[in-house]
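Please have the structure open as you read.

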Amino acid sequence: MTNTTSAPVYGYDDLNRLMSLMTGDEKHGPAATSTLDALWVLYDRVLRVTPATAGSPDRDRFLLSKGHGPMAYYAVLAARGFFGEELLPGFGSYDSPLGHHPDRLLVPGAEIGSGSLGHGLPLAVGSVLGLRAQGLTGPGVWVLTGDAELDEGSNHEAIAYAGPAGLDQLHTVVIDNGSATYARPGGIAARFEAAGWSALSVDGRDHEALHTAFTMPHPGRPHAVIARVAAAH
Amino acid sequence: MDTMRDRFIATTSRQLDEDPRLALVLAEISRDGFAAAERAHPDRVINVGIREQLLIGAGAGLALTGMRPLMHTFASFLVERPFEQVKLDLGHQGVGGVLVSAGASYDWPAGGFTHMSPGDVALLDTLDGWTVHVPGHPDEAEALVRQAVASEGRVYVRLSLQSNSAGRPVTGDGFSTVRRGTGGVVIAVGPMLDNVLAATGDLDVTVLYAATVRPFDTAGLRAAAGAGPSDVVIVEPYLAGTSTAAANDALADLPHRILGLGVGRAELRRYGQLEEHLTAHGLDAHGLRQRITGFLRL
């Protein structure tokens with residue numbers, strides 16, 4: 001796993017200001033930033049994709065499945081230079097490419113459009129299969145879901161298939177802010193492990209812990225990282 | 001004679017040999033038929049198990065990486081069950097793919113309503129940009145599957161055990177003229193042609209044949225209707241009236257009447273044979289003749 005090659009336009013400390021351009025708020029609570037640290041560590045230190053390689057067949061793919069609350073995602077994409085920060089103030093307006101759910105045909109750098117929950121993991125499974133069929137065994141495919149999003153049965157079709165199929169190019173980051181009404185008995189990691197995945201739970205605000213979990217070897221198995229953050233309620 | 005599904009399996013197995021972009025995604029159904037193809041192309045013949053949301057989602061993911069996915073199962077589990085995946089993972093993501101279904105409206109009536117899909121074409125009609133092929137013969141199915149795989153867009157191919165006695169040439173997306181007459185226009189869709197011809201053999205009507213219903217051949221119907229006023233009957237092997245609005249739009253500037261015949265909406269709660277269901281829905285030659293002559297006042 002090598003780091004991205006081009007320098008970011010902005011650093012982690014700029015993300016709050018970039019989000020403010022969308023929200024109008026000076027500070028952001030746990031709900032708005034639940035994905036922020038995981039996203040930053042991925043784009044800063046893990047994903048091999050830059051604006052210059054966003055169309056390259058051998059890029060890593062990041063699929064934001066949890067499409068709601070995308071301000072942190074847009075801020076990170078702007079910080080990494082996928083688009084200019086001048087787009088951010090228009091967030092959600094008629095002429096803006098930046099909606100309250102992302103649209104891949106409108107947002108530079110977005111691999112999928114999302115909003116309806118439970119679509120990212122199946123799309124990621126297919127992306128891994130497509131890369132594999134073309135002999136592209138290097139690129140990783142990453143999906144970000146929420147813990148409550150895992151309620152959707154489509155995820156479990158993908159989880160139950162990907163483990164036995166040995167899709168080791170597939171990675172899922174579950175942002176666990178305890179928002180599922182019926183939390184999984186035994187925890188989220190156990191659900192993935194039971195399906196043959198490698199899985200690890202870490203502090204979703206700890207950049208080193210996230211990086212270690214993201215880059216942990218998982219030969220022959222897909223990999224899930226459960227990033228725990230403060231509860232939404 | 002082999003069935004459309006047999007022909008699809010043979011055709012697609014050959015295409016997998018020829019086209020490295022083609023990937024076949026299955027949800028157990030027809031897996032036996034594709035066993036040799038799966039051995040020859042383990043990376044491109046993918047069985048996801050009985051998981052139809054994943055069937056469409058994974059197919060769309062393959063398309064995101066540049067592959068041409070062909071997804072296949074029974075119509076009710078290909079279009080109806082994972083309809084949001086069809087709408088979002090293919091349409092909203094802006095990628096192409098081919099859906100090939102088996103089972104049609106009542107290919108296996110003894111299986112009951114769970115395996116009947118008279119509403120598949122009407123459902124796809126709520127979405128933009130779908131090409132819909134309804135072959136009437138295994139030869140047409142072979143040509144249309146080939147064409148669908150070779151194209152780039154979103155294509156649905158609806159296979160059925162019901163078949164006309166002879167295939168017709170697959171030339172383009174337009175309707176073909178089977179017979180010309182002056183008392184009205186009857187459009188037969190796919191496997192309905194034999195019964196339509198049997199029902200109208202001695203009637204002075206134009207018969208058009210449609211193996212492709214979307215895009216709807218507006219110009220073809222317009223030409224057959226002439227200067228109007230015009231009476232049009234559309235006979236479809238799925239939900240009655242599915243194409244009535246499209247035909248109405250085609251004739252918007254002419255005085256016209258349209259009768260849409262097809263499978264009724266009411267659930268029959270009957271098993272039995274395909275022929276018995278055709279009769280029950282008035283789609284056998286006798287039922288068609290009564291309703292066509294009544295409407296056209298012939």
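Is the crossing of H2(A) and H7(A) left-handed or right-handed? Keep in mind as you look that this is a predicted model. To find the pair, go to residues 36-46 of chain A for helix H2 and to residues 207-214 of chain A for helix H7. The two helices cross in a right-handed sense.

Two packed helices are described by the angle between their axes and the distance between the axes. Here the angle is about 60°, and the axes are 10 Å apart. H2(A) and H7(A) are therefore oblique to each other, since angles of 65 to 115 degrees would be needed to count as roughly perpendicular. On the H2(A) side, the contact is made by Asp37(A), Ala38(A), Val41(A), Leu42(A), Arg45(A) and Val46(A). H7(A) meets them with His207(A), Leu210(A), His211(A) and Phe214(A). Sorted by class, this contact has 6 nonpolar, 2 polar and 2 charged residues.

Now step back to the annotation. An unreviewed UniProt entry places the feature "domain: Transketolase N-terminal" at residues 28-215 of chain A. That span is 31% helix and 12% strand, and its end C-alpha atoms lie 28 Å apart.

Finally, turn to the place where the chains meet. There, 22 residues of chain A are in contact with 25 residues of chain B. On the chain A side, helix H4 (120-133) and helix H5 (153-162) each supply at least two residues. H4(A) gives the most, with 11 residues. By class, the side of chain A that touches chain B has 11 nonpolar, 8 polar and 3 charged residues.

Note on methods: Residues are numbered from 1 along each chain as its sequence is written. Chains are lettered from A and ligands numbered from 1 in the order in which they are written. This is a predicted model: local features need pLDDT of at least 70, side-chain atom pairs count only at pLDDT 80 or more; totals for chains, interfaces and linings use all residues. Two residues are in contact if their C-beta atoms, placed from the backbone, lie within 7 Å. Helices (H or I, at least four residues) and strands (E, at least two) are DSSP runs, numbered from the N terminus. Ala, Val, Leu, Ile, Met, Phe, Trp, Tyr, Cys and Pro count as nonpolar, Asp, Glu, Lys and Arg as charged, and the others, Gly among them, as polar. UniProt positions are given in the numbering used here, feature names are shortened, and annotations may be inferred rather than shown by experiment. Axes are lines fitted to C-alpha atoms, for helices over the stretch in contact, and angles run from 0 to 180 degrees between N-to-C directions. Angles under 35 degrees count as roughly parallel, over 145 as roughly antiparallel, 65 to 115 as roughly perpendicular and the rest as oblique. A crossing is left-handed if the near helix is turned anticlockwise from the far one by less than a right angle, and right-handed if clockwise.
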